[in-house]
Amino acid sequence: MTRPQQKTNAPLVERLKFALKKRGLSPRAASMRATGTPDTIRMIFIGQSVSPRTATLTRLAEALEVNFHWLATGQGEMDEESRQNRDIERLLGLFDSEDDARRAVFKASHRVLTALQEPPFAFDLSDNDVNSLALTISRNFAQHRDNQDDDIKSMSDDYVRQREIKKLEG
């Protein structure tokens, strides 16, 4: 007697297989990394879990280092990093190439804001919002840094003047 064929979520299975191959992981290793149990992905493959919970997909996406939205729906890019890096590099062209600190602040801000769009936070930020906020953060950083530089220079100049006055008096 043959067992009835279980219905599987074929598109999800294909995305999982692709991500596993790209990351060089076995289904068992990825399952252990994601959920602490060895059979999570196997259950999806054989159809015992056709529609995994969002929490499970989130953990699988993290374990496989793929974009959650791509894993869950097949839309977007598998590697969120590649899209982010293209956006970041395009926007970094707006900065003075000598301002490495501001560029670093922009990159970090962009990554944090992008992460806030994913579960468990899931803030409703468009890509334009993320870009705009990251630019604002980096601009404020640059202004703050420049103000600090001016304050330090002013304090240094005051110190030098006071030393010169003491030399003249003494």
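**Basis and confidence**

Residues are numbered from 1 along each chain as its sequence is written, and side-chain values use heavy atoms, with hydrogens and water left out. In this predicted model, local features need pLDDT of at least 70 and side-chain atom pairs count only at pLDDT 80 or more, whereas totals for chains, interfaces and linings use all residues. The predictor's confidence in each residue is given by pLDDT, on a scale from 0 to 100. The protein chain has a mean pLDDT of 81, with 88% of its residues at 70 or more. Among its elements, α2 has the highest mean pLDDT (94), and helix α6 (residues 80-92) has the lowest (66). Where pLDDT is low, the predicted coordinates should not be read in detail.

**Overall architecture**

The secondary structure consists of 8 helices and 0 strands; helices (H or I, at least four residues) and strands (E, at least two) are DSSP runs, numbered from the N terminus. From that terminus on, the order of elements is α-α-α-α-α-α-α-α. Of the 170 residues in the protein chain, 30% count as buried. Here buried means under 20% relative accessible area, exposed means over 50%, and partly exposed lies in between (1.4 Å probe, protein chains only). A contact means heavy atoms within 4.5 Å. Of the contacts in the protein chain with a separation of 6 or more, 55% join residues 24 or more positions apart.

**Nonpolar cores**

A nonpolar core is a set of buried Ala, Val, Leu, Ile, Met, Phe, Trp, Tyr and Cys residues joined through side-chain atoms within 4.5 Å. The largest such core has 20 residues, of which L16, L60, L64, V66 and L71 touch the most other members. Two or more residues are given to this core by each of α1 (10-23), α2 (27-35), α3 (40-46), α4 (54-64) and α5 (68-73). Leaving out residues up to four places away in sequence, L60 touches L16, A34, T40, I41, I44 and L71. Another core, of 8 residues, lies apart from the largest one and includes I88, L92, F106 and L113.

**Packing of α1 and α4**

Helices α1 and α4 pack with their axes 10 Å apart and at an angle of about 25°. The axes are lines fitted to C-alpha atoms, for helices over the stretch in contact, and angles run from 0 to 180 degrees between N-to-C directions. Because angles under 35 degrees count as roughly parallel, α1 is roughly parallel to α4. On the α1 side the contact is made by L12, L16, A19, L20 and R23, and on the α4 side by L57, L60 and L64. By class, this contact of α1 with α4 has 7 nonpolar, no polar and 1 charged residues. In this classification Ala, Val, Leu, Ile, Met, Phe, Trp, Tyr, Cys and Pro count as nonpolar, Asp, Glu, Lys and Arg as charged, and the others, Gly among them, as polar.

**Selected residues**

| Pair | Separation in sequence | C-alpha to C-alpha distance |
|---|---|---|
| I137 and V105 | 32 residues | 7.6 Å |
| D79 and F68 | 11 residues | 9.4 Å |
| M78 and R15 | 63 residues | 8.8 Å |

M78 lies in the loop between α5 and α6 and is buried, with a relative accessible area of 9%. Beyond its neighbours within four places in sequence, M78 is in contact with F18, A19, K22, R23, V66, N67 and W70. D79 is also placed in the loop between α5 and α6; its relative accessibility of 21% makes D79 partly exposed. With neighbours within four places in sequence again set aside, D79 is in contact with K22, R23 and E65.

E65 is found in the loop between α4 and α5 and is exposed, at a relative accessible area of 54%. The phi of E65 is near 55°, a positive value in a residue other than glycine. Most residues other than glycine have a negative phi.

I137 belongs to helix α8 (residues 127-169) and counts as partly exposed at 37% relative accessibility. Not counting residues up to four places away in sequence, I137 touches V105, S109 and L113.

Key:
Angles under 35 degrees count as roughly parallel, over 145 as roughly antiparallel, 65 to 115 as roughly perpendicular and the rest as oblique.
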